[in-house]
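Okay, thanks everyone, I'll keep this short. Have a look at what's coming up on the screen, and then I'll walk you through one residue and the chain around it.

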Amino acid sequence: MTTTFELSPGVLTSREEIAAVYGCGTFQGIEPADAAGKVFVYSDPNAGAEFGYTFDGRADDDEFGPLYRYTGAGVNGDQKPSGRNGSLLTAAKKNREIHLFVADGTVPGSSAVQQRYIGPMVVDLVKPYDVRRGPGKNGVMRNVLVFRFRPAPGTTPEWTDADRQQAATKSGYEITEPVVDIPAPVTLPAQDATKVKKTEQHKTAETVMDVPAGQRKVLRREGELVKAFVAHLTAAGHETHSFQFTIEGEPGTLTPDLYDATAHVLYEAKGLTTRANVRMAIGQLADYRRRVPGHETLRVAVLLPSAPTPDVQQLLAEQKIELVYQTEQGFTGWPID
């Protein structure tokens, strides 16, 4: 334990000590300290596992670098991007620092949970959170917000292998709504006054700052495409939803874009009509299709905002993957025969 408290990644502390220094609460996973200009986040992957989900923890790096996932506030019912969850989304706008802690045993000589400081974080600039399905404290399935944290610029987080997302104990699936709305992006504060012992130029954080505009446009284009196609299918009397797959022995989830339950067709949407994006969709569909109930008769399709090149169309045909793309008149390639 510290005697003179200092927010340095790797330090061991407790909620009570943080509260005594910064004037925040001690009971919630997200504790704003308004007067100090900070928001403290306490992550406990074991607590989530008790409820049957393993969303929290250090996720695999993606194309923008290190990522930590954190399930938001709200024990029962659908979680909302307001209240304590909203304090994370507005932290940058209000120039408040986000500080992440992970439960790490108990305080010596006490039953209180010991907290290990990971470091200062920012909510992902492009996609602040994912919506996942998980049981509440009452056992009823609901939507939860899984926040996507990145290390704050110029900082090095003190996380270990023990902080990684836990693997699912069994394979299964939950029915979800298609993702048609991308959460509003957030922006970084002008400067970060966090005091850190180990400081280096964090290239990953710089990359995240450099690329959000283009990536955000692609994500929004993809969301708008799925939304328009869902409306098209609904008007035709088709029922749609999606899936959340968990794989035994693996952390995280797999989430296809859209499933047409009436026609038994699984779609993967892409916001750009490029060979690279189509190849990615082919790989995703190959993985997803094995897990869909009734996969023996399942048909799969790629949903695009416009027609790809003839050679890419031939590639899809050879893989026995249908192609549906948007035009001014509607959607070409639908209905799928």
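So, which residues does phenylalanine 149 touch, if we don't count residues up to four places away in sequence? Here's the list: Val41, then Pro66, Leu67 and Tyr68, then Tyr70, Leu88, Ile98 and Leu100, and finally Met121, Val122 and Val123. Keep in mind that this is a predicted model.

Where does phenylalanine 149 sit? You'll find phenylalanine 149 in strand 9, which covers residues 141-151. Is phenylalanine 149 buried or exposed? Buried, because its relative accessibility is 0%, and the cut-off for buried is under 20%.

Let me pick out one of those partners, leucine 67. Along the chain, leucine 67 and phenylalanine 149 are 82 residues apart, yet their C-alpha atoms are separated by 5.7 Å.

Okay, zooming out to the whole chain. We've got 337 residues, and 48% of them are buried. The fold has 16 strands and seven helices. If you take the contacts with a separation of 6 or more, 66% of them come from residues 24 or more positions apart. As for the surface, the accessible area is about 16,200 Å², and carbon and sulfur atoms account for 49% of that.

Last thing, confidence. Mean pLDDT for the chain is 87, with 86% of residues at 70 or more. The stretch I'd point you to is residues 188-211, where pLDDT stays under 50. The model still has 47 contacts beyond four places in sequence for that stretch.

That's it from me, happy to chat.

Conventions:
Residues are numbered from 1 along each chain as its sequence is written. This is a predicted model: local features need pLDDT of at least 70, side-chain atom pairs count only at pLDDT 80 or more; totals for chains, interfaces and linings use all residues. Side-chain values use heavy atoms; hydrogens and water are left out. Helices (H or I, at least four residues) and strands (E, at least two) are DSSP runs, numbered from the N terminus. Buried means under 20% relative accessible area, exposed over 50%, partly exposed in between (1.4 Å probe, protein chains only). Contact means heavy atoms within 4.5 Å. Accessible areas come from the Shrake-Rupley method with a 1.4 Å probe; for residues, only the protein chains shown count as cover. pLDDT is the predictor's confidence in each residue, from 0 to 100.
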